[in-house]
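Biologist: Before I rely on the labels attached to this chain, I would like each of them set against its definition. Could we go through them one at a time?

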Amino acid sequence: MKKALHAKPFRLQMPGHTPRHARPEPARSKLLRGVSLCLAAVCLAASVSFQPATAATSMASLQNKLNSLSKSIDQHKKELSDAKKKEAAAKALESELKERVGVIQSQIGVLSTQIAAVQNSIGQTEQKISAKEAEITQKQTEIDGQWDDFKKHMAAMQELRDGGSVAMLSAVNDLYELLTFNEVMQDISIKDTEIMDNMKAAKSALEADKVELEAQRKELQSQKAELDTQNYQMKAKQSELNSSISAAQLSAQDAQKAQQTAQAAIESDELNYEAVKKEIQKLIAAAASSKPQLSFTGFACPLKSYTRISSEYGWRKNPVSGVNRLHAGIDLAAPGGTPIYAAASGYVQVAGWSSGGYGNYVIIYHGSMSDGNAYSTLYGHMRSVATSAGKYVKQGELIGYVGSTGNSTGNHLHLEVWKGGKKANAVNPRGYIPFPHN
Ligand SMILES: [Zn+2]
């Protein structure tokens, strides 16, 4: 069924698309044309206009579906590309944030080392303070001991002055001895005072040391407090950045999900698109197979004006190869861009590019004419096509523009008429289509 819809590609060997290859129209052809025109005139009165309502409606709705699927695919492709951009942005942000966390972590590392060092200094200072305190205590003990000695010495001297001196006097042998004793007592007193003074000075020095150490400790503690604050702030920043990283990762995951969703939607749309296209092809095939439903009364010339007929239908010898070939259509030379109209109503079977030499071409299936035969028409070498496959066109509806695409040497319309809807039955268009002039 499908094969019947597409013209088999074949090479057009038309070296003579020029008037010098034009042959006089055969008498038989003239006769056929006459008959055909006559038939057309007769049938015009009882003209049954083709109304493929159901087919046309479902074709239109299928085309609408195709359009909306195409739009949906575009939309989802846009969503896909947006989601890809979003993912890339989230990942870039994530890596930037990670870089910043890395910097902060190394700063925290430096701070931790500093804090440990300060903590260590504080420990050492505290040990020194403790040692100093022990020394002070020791010194105080010494002072206290010395003080006791001093008190004993003083008591002894006091005893000597308060009558003890009498006993002392009886004990000494002479004045010299007494004086010496007195000097000794005085010496002891001076020595005691000196020792006491030295000890007190030493204690004061120790206390001053201790005060200094305590000041150092205080300084270190304030340094540590400062470092602790910095450390705390860094850790807060780090945890803030880590939250941002999590957010960026979530955003990237969302974007990935959105991509998957969009991709799935595209795939589903594309499957639907293919299905709808198949339905359209089925519809075209059905239209082509239901030949009796299509009917028309006759052809009109597809060009409203043309310069001349530059090549006739017929067998001719290739001037180079010497091979005889059928020129299966008629060539109407016309300026590029001249509008081409459907020769009769029908379904567009093919609208597009031919790899077989027709260039841009259109084939319309017309269904049965009043002579009981089905016909198709082919329009080749178009500059551009102005209809689409599956479309129902009315006689005189624009289908394309004259050009010189494919195997062609100048602007012209190559027009074929197929009897029975087959290329193999290409007939001389002159027998069916009225051409106003040669
Ligand atoms: Zn031709």
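**Labels and the values behind them**

Modeller: Let me begin with a turn: strands S8 and S9 form a hairpin with four residues between them, and Gly 372 in that turn has a positive phi of about 90 degrees. Helices (H or I, at least four residues) and strands (E, at least two) are DSSP runs, numbered from the N terminus. This is a predicted model, in which local features need pLDDT of at least 70 and side-chain atom pairs count only at pLDDT 80 or more, while totals for chains, interfaces and linings use all residues. Residues are numbered from 1 along each chain as its sequence is written.

Biologist: What makes S8 and S9 a pair?

Modeller: Two strands pair if DSSP finds at least two bridges between them, and seven bridges join S8 to S9, which run antiparallel. Strand S1 (residues 295-296) pairs with S8 in the parallel sense over two bridges, and Ser 295 stands opposite Ser 368 in S8.

Biologist: Why is S8 called largely enclosed by the rest of the structure?

Modeller: A residue is buried if 20 or more other C-beta atoms lie within 10 Å of its own, exposed if 12 or fewer, and partly exposed in between, with C-beta atoms placed from the backbone. Ten of the eleven residues of S8 are buried, so the strand is largely enclosed. S12 is mostly covered, with seven of its eight residues buried. Over the protein, buried residues make up 25% of the 438 residues.

Biologist: Which strands does S12 pair with in the antiparallel sense?

Modeller: S5 pairs with S12 in the antiparallel sense over four bridges, and Leu 332 stands opposite Leu 413. Six bridges join S9 to S12, also antiparallel, and Tyr 379 stands opposite Leu 415. S12 and strand S13 (residues 426-427) pair antiparallel over two bridges, forming a hairpin with six residues between them in which Gly 420 has a positive phi of about 70 degrees.

Biologist: What makes a set of residues a nonpolar core, and which residues touch the most other members of the largest one?

Modeller: A nonpolar core is a set of buried Ala, Val, Leu, Ile, Met, Phe, Trp, Tyr and Cys residues joined through C-beta atoms within 7 Å. The largest has 44 residues, and Leu 332, Ile 340, Val 362, Ile 364, Tyr 379, Met 382 and Leu 413 touch the most other members. Elements giving two or more residues to this core include S5, S7, S8, S9 and S12. Apart from it lies another core, of seven residues, among them Ala 83, Leu 241, Ala 248 and Ala 262.

Biologist: Where is the predictor's confidence below 50?

Modeller: The average pLDDT, which is the predictor's confidence in each residue from 0 to 100, is 81 for the protein, and 82% of the residues score at least 70. Over residues 1-53 the pLDDT is below 50, although beyond near neighbours in sequence this stretch has 85 contacts in the model.

Terms used: Contact = placed C-beta atoms within 7 Å.
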